[in-house]
Amino acid sequence: MALNDSFLQELKYKTDIEDIISTYVSLKKRGSTLVGLCPFHNEKTGSFTVYPETQSFYCFGCGAGGDAIGFIKRIENLDYMDAVKLLADRVGLQIPNDSYDDSLSKKRRRVLEVNREAAKFFHSYMMSPDGEDGLNYFLNRGLTKKTINKFGLGYAPNSWNLLLRHLRSKGFTIDEMRLAGLVKAGEKNHYDIFRNRVMTPIIDVRGNVIAFGGRVLDDSKPKYINTGDTLAYKKTNELFALNLAKDSGKDSLILCEGYMDVIAMHQAGFTNAVAGCGTALTNEQVKLICRYTNEVILAYDADEAGQKAVEKAINLFRQTDIKVRVPILQYGKDPDEIIKTVGAEKFGGMLDGASNEIDFELLKIGKQYNLNTTQGKIDFINSIMKILANTTPVEKDLYVSRLSEELGIDRRSINAQLEDYIRRTTRRKEKRKYSKIVNDSIRNNAKISYDNGESLRMIKAEERLLYLLIKYPDCHKLLNSFNENYLTNGLIRKVFDIVCLNIENGLDNDFMKFSNKLTSDEMGRLSGIIARGKASNDSKEEFFDCLNIINDEYEKKNRKSTSNMSDDDFRKLFENT
């Protein structure tokens, strides 16, 4: 049983997709549509398009598409029912009691509930006499009780099943605890995963406890245990403390490596600090950062591993329009240690003096050459051409002037070499770009035909038929003698059946009618069909032409398959007849 149509209709009327998407994406008016940079893949030219008329979106770059529900599902990493609930809450609607409670959605909500109860248990236990070891650990690290409470820090007791017994007393099942990653099956019974560890709850931007990070009090191994991926948590998609940093009022986000760095920085007044969740920076986390700021400061550890992580982060952010700055950290290996050693004010000075990504790259490359020799200067200039070529005209002028002065090389010589490099690489890029467009087009068209066993003429006719049927429902009357089995199995047939059923029941075919019946990929393909479609001057005549093409192509395909039969196949066919 699905959500009833009257509720979906009301949700549709009260939800403005432009209003929803503009909180995540900067949109610009282009005719009757709105365009922006896609939040689902890295791009510098906006191909993400919002259609207010149909309350839908489609990205011509990556193929993502759908309605407001589909957008919220993707951007917030939610299932269908949770996306509906978020939109309903936003417009002040109550989901009716007769609507179904999807089992997956219900399990996810129970995971969040058990996580919240576990976080309360860990914190309360630490603040009791029995949890003194955990509390002393945090106090000895320089944290105040105010900070401990702010982050909900706690301590997992040195017991096999104390958390399990507590959660069971609160009405949670073993299966729910297991789904949350809190207990594990042993040879005889289930036991607590987190034992004798200080606990850091990971909270999402909506205030849900989605996971935990647990650290030992000594040097025993493993040093850290983190919640694995669950129904409520995927570590590659989340940032620790973003729930607090997003409301800091600062113009930038400070990206650190560890939880303790972030907590120490918040206590010292740097309330815009965040960290990855026990994983190297991912594309998903970069997209998340881009939703909340235009500048990121990479305050990674000063060791070799930290600097390699900085380089990787710069490469990921380079695919976006976000500004990146890198401070030179001194007097300690990480922000937590530096703040303890020299204080918040001096650490703040390091952040204020952070260089941009170009300076960082130039400094790094400069260390590889002896700039006191002629050959060292030549090799250095050759190595940085790619970096200078990707700068703005103003940046080029400033960096060329600075390099000319520092290296004692005439700026006209550096400019001449740079212009030659740009000319050669531009020619190569244009040639590769054109070849890629041609090859991708050929490859995609060939793949579509091969995968479906259909001609491009058939595919175009089917897609146009769907568009006309959705836009001009009167075309449905022309289907009396049409055999729907002639349609390609898969998305085309699936959408065709949904559209026809809606028309027969007197319902609209707006995008919300498809959200809970199609996958995200299928919604993207359907959005593409609608986005590429053009209005018709004579919809019924065009619809009739599509039907004729589909009939013709089906019969042609049938004749071809029959002509390819072996003598034995023919004999069997006639015997069966």
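Predicted model: local features only at pLDDT ≥ 70, side-chain atom pairs only at ≥ 80, totals over all residues.
Me: How many disulfides does the structure hold?
Reply: The count is 0. Cysteine 59 is in none either, and the nearest cysteine sulfur, in cysteine 38, is 3.6 Å away.

Me: Is cysteine 59 buried or exposed?
Reply: Buried means under 20% relative accessible area, exposed over 50%, and partly exposed in between (1.4 Å probe, protein chains only). Cysteine 59 has a relative accessible area of 0%, so it is buried. Cysteine 475 counts as buried too, at 0%.

Me: Where does arginine 291 lie?
Reply: Helices (H or I, at least four residues) and strands (E, at least two) are DSSP runs, numbered from the N terminus. Arginine 291 belongs to helix H12, residues 283-292. With 16% relative accessibility, arginine 291 counts as buried. Contact means heavy atoms within 4.5 Å, and leaving aside residues up to four places away in sequence, arginine 291 touches Tyr24, Ile75 and Glu76.

Me: How do I read strand S3 (residues 48-51)?
Reply: Look at which way the side chains go: Phe48 and Val50 point one way, Thr49 and Tyr51 the other, and all are buried. Then check the neighbours, remembering that two strands pair if DSSP finds at least two bridges between them. Strand S2 (residues 33-36) pairs with S3 in the antiparallel sense over 3 bridges, and valine 35 has threonine 49 as its bridge partner. On to strand S4 (residues 56-59), which runs antiparallel to S3 and is joined to it by 4 bridges. There, tyrosine 51 stands opposite serine 56. The hairpin of S3 and S4 has 4 residues between the strands, and glutamine 55 takes a positive phi near 55°.

Me: Which ring does the charged end of arginine 195 sit over?
Reply: A charge sits over a ring if NZ of Lys or CZ of Arg is within 6 Å of the ring centre and within 35 degrees of the ring normal. For arginine 195 the ring is that of tryptophan 160, with 4.2 Å to its centre. Arginine 74 sits over phenylalanine 40, 5.5 Å from the ring centre.

Notes: Residues numbered from 1 in each chain as written. Heavy atoms only, no water. Disulfide = S-S within 2.5 Å.
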